[in-house]
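This briefing goes through a set of local features in one protein chain.

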Amino acid sequence: MLSFEEVASRLESAGQSHILQFWSTLSAEEKDTFLADLSQIDPDDLREHCRGAAEAASRHSSPEDLLDERMQPVPPEFIGSVRTSQPDTLKEWEDEGFLQVSKSRVAVLLLAGGQGTRLGVPYPKGMYNVGLPSGKTLYQIQAERIRKIQELADLRHSSKCTVPWYIMTSEFTLEPTEKFFKENSHFGLDPANIVMFEQQMIPAVSFDGKVILEKKNKIALAPDGNGGLYRALVDSEVLEDMERRGVEYLHVYCVDNILVKMADPVFIGFCVTNGADCGAKVVEKAYPAEPVGVVCQVDGVYQVVEYSEIQAKTAELRGPDGKLLYSAGNICNHFFTRDFLQEVAQKFQGQMKQHVAIKKVPFVDHEGNQVKPSKPNGIKMEKFVFDVFQFARKFVAFEVFREEEFSPLKNADGAPVDTPTTARRALLRQHYSWALASGGHFVTDQGETIAPKNRLGQDEDPPAVCEISPLVSYFGEGLEVLLNQKKLRSPFILDEKNAKNIV
Ligand SMILES: CC(=O)N[C@H]1[C@@H](OP(=O)(O)OP(=O)(O)OC[C@H]2O[C@@H](n3ccc(=O)[nH]c3=O)[C@H](O)[C@@H]2O)O[C@H](CO)[C@@H](O)[C@@H]1O
């Protein structure tokens, strides 16, 4: 730890002496922790960060910052699609994916360092229970899908494979996530195959380029965006861990999509077969203002233009077929080879774009009072995970059906979309349709038939409640033998235990 004089001189050289303005009012203990925090900061990096943030904020949304004029849609022939591909082709991709999984070459990597501000819960989003009959949280669902995909690959190839689970957390989410996993016995997974690591936190900056003080002895810090992944992979030696385990392919995904197909063999197989080093799953965008990034080209290079950075008039453009021109909606499910990640970490990480977010950042005023601002007062700089697509030798996009693979939890109930209610409904609709397709018939508690409904309206709950554990079926497979010609009493929960009793 540096001395007070050393820290003071470093902060002065970075133009940030105000950080110590309350020093004389702090207790000995407060001084100690503050000094320890400040000793970690490199003055050159800090000066550069503050200068860059203020400059980027002043340019924010200025015409030269806009990408709209330089965008082109992805040519349809560059998108693989579950919708348009022949069943044989899909099966070939799936076989290839399962082969790679069975050889323990595939890992999943969860981006879980976000603060989940829109959902408004004080704990990590993965711990959220959307109110399924089983009460399972997002983390539990994901863990069980990993267990199932391992089991399915082992059955096909008589293997004993592992799909390691890498989890990127931040200062906000690491401790509660670790605790939650321990309390839940890692949901039946071997803890040796769960690797949690932390992304970097960076200071929030005022519009005049000064670090914001959150408390008298604490600067306001925020995670550096999900693109902080690439630095964290190096800092935490995660790439070495992957190499040691023989992992070659990564499925990177965001925490809040209740329908996420962990280590999806079809997607992995599609990317591997096409020799891609980088890939993105997309769904057709539902409406122009939907808050999803669009996969497209900018100056001929593949990238995602984030929903916060596209102008409404561009998002509303339609092609001759009447469909949105920019319709390849990013669902934050990416494929990377380990080699590609290695290359990004070594060569390109420093070139990644910094995105500006103007936010309300709580601060202390000159008198030392804590203030919650009513309007935005600070700049947070973020990197985005998809900003490495431009460095890929071969980038591919893969279109999947929204109702099968995408229902994100972003907002609290009461909002019109992406809430606990819509996530729960999406999962229960899927499981209901799997049960019907497997020949099951739903009945009420009194044994009366519930008329099956093969087509449900967009916001419609299924007429019967059915939840199928991922430990029984990963994506609808293997259910005929359990459910065909069976009367299923709603609410029907199919878990490992009653699956054994049925057979
Ligand atoms: C930058 C990015 O990927 N944007 C995508 C993200 O938007 P969206 O704005 O919804 O992104 P979120 O803020 O929810 O973050 C996505 C994921 O990244 C994680 N996270 C976020 C910030 C951070 O510093 N560290 C971190 O790990 C979050 O925990 C989450 O798992 O999902 C949408 C689909 O649902 C996509 O259409 C957007 O293109």
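Gln-150 is buried, with a relative accessible area of 15%, and the cut-off for buried is under 20%. The coordinates come from a predicted model.

**Gln-150**

- Gln-150 belongs to helix α5, which covers residues 138-157.

**Helix pair α1 and α2**

- Helix α1 (residues 4-13) packs with helix α2 (residues 28-39) at an angle of about 50 degrees, and their axes are 10 Å apart.
- The crossing of α1 past α2 is left-handed.
- On the α1 side the contact is made by Phe-4, Val-7, Arg-10 and Leu-11, and on the α2 side by Leu-35, Leu-38 and Ser-39.
- By class, the residues in this contact of α1 with α2 are 5 nonpolar, 1 polar and 1 charged.

**Helix pair α8 and α11**

- Helix α8 (residues 238-245) and helix α11 (residues 338-348) have axes that come within 11 Å and cross at roughly 155 degrees.
- α8 is therefore roughly antiparallel to α11, a term that applies to angles over 145 degrees.
- α8 passes α11 in a crossing that is left-handed.
- Leu-239, Met-242 and Glu-243 make the contact from α8, while Arg-338, Leu-341, Gln-342 and Ala-345 make it from α11.
- The contact of α8 with α11 contains 4 nonpolar, 1 polar and 2 charged residues.

- Strand β15 (residues 328-337) is mostly covered, with 10 of its 10 residues buried.
- In a regular strand, side chains alternate between the two faces of the sheet.
- In β15, Ala-328, Asn-330, Cys-332, His-334 and Phe-336 point one way. Gly-329, Ile-331, Asn-333, Phe-335 and Thr-337 point the other way, and the residues of both sets are all buried.
- β15 pairs with strand β11 (residues 249-254) in the antiparallel sense, over 5 bridges. Within this pairing, Leu-250 has Phe-336 of β15 as its bridge partner.
- β15 is also joined to strand β12 (residues 278-284) by 6 bridges, and these two strands run antiparallel. Here Val-283 stands opposite Gly-329 of β15.

- Strands of a sheet pair through backbone hydrogen bonds, in a parallel or an antiparallel way.
- An open sheet of 3 strands, in the order β7-β19-β16, has antiparallel pairing.
- β7 (205-206) and β16 (355-359) are at the edges and have a single partner strand each, so one side of each has no neighbour in the sheet.
- β16 and strand β19 (residues 378-382) pair over 5 bridges in the antiparallel sense. Ala-357 has Lys-380 in β19 as its bridge partner.
- Helix α3 (residues 43-59) packs on this sheet and touches β7, β16 and β19. The direction of α3 makes about 105 degrees with that of β19.

**Loop between α6 and β5**

- Ser-185 is in the loop between α6 (174-183) and β5 (194-198).
- Although Ser-185 is not a glycine, it has a positive phi of about 50 degrees.
- Phe-187 is also placed in the loop between α6 and β5, and it has a positive phi of about 55 degrees although it is not a glycine.
- Are these two residues buried or exposed? Ser-185 counts as exposed because its relative accessibility is 54%, and the cut-off for exposed is over 50%. Phe-187, with a relative accessible area of 7%, is buried.

**Cis peptide bond**

- The peptide bond from Ser-490 to Pro-491 is cis, and its omega is near 0 degrees.
- Pro-491 lies in the loop that runs between β23 (487-489) and β24 (492-494).

Methods
Residues are numbered from 1 along each chain as its sequence is written. This is a predicted model: local features need pLDDT of at least 70, side-chain atom pairs count only at pLDDT 80 or more; totals for chains, interfaces and linings use all residues. Side-chain values use heavy atoms; hydrogens and water are left out. Axes are lines fitted to C-alpha atoms, for helices over the stretch in contact, and angles run from 0 to 180 degrees between N-to-C directions. Helices (H or I, at least four residues) and strands (E, at least two) are DSSP runs, numbered from the N terminus. A crossing is left-handed if the near helix is turned anticlockwise from the far one by less than a right angle, and right-handed if clockwise. Contact means heavy atoms within 4.5 Å. Ala, Val, Leu, Ile, Met, Phe, Trp, Tyr, Cys and Pro count as nonpolar, Asp, Glu, Lys and Arg as charged, and the others, Gly among them, as polar. Angles under 35 degrees count as roughly parallel, over 145 as roughly antiparallel, 65 to 115 as roughly perpendicular and the rest as oblique. Buried means under 20% relative accessible area, exposed over 50%, partly exposed in between (1.4 Å probe, protein chains only). Two strands pair if DSSP finds at least two bridges between them.
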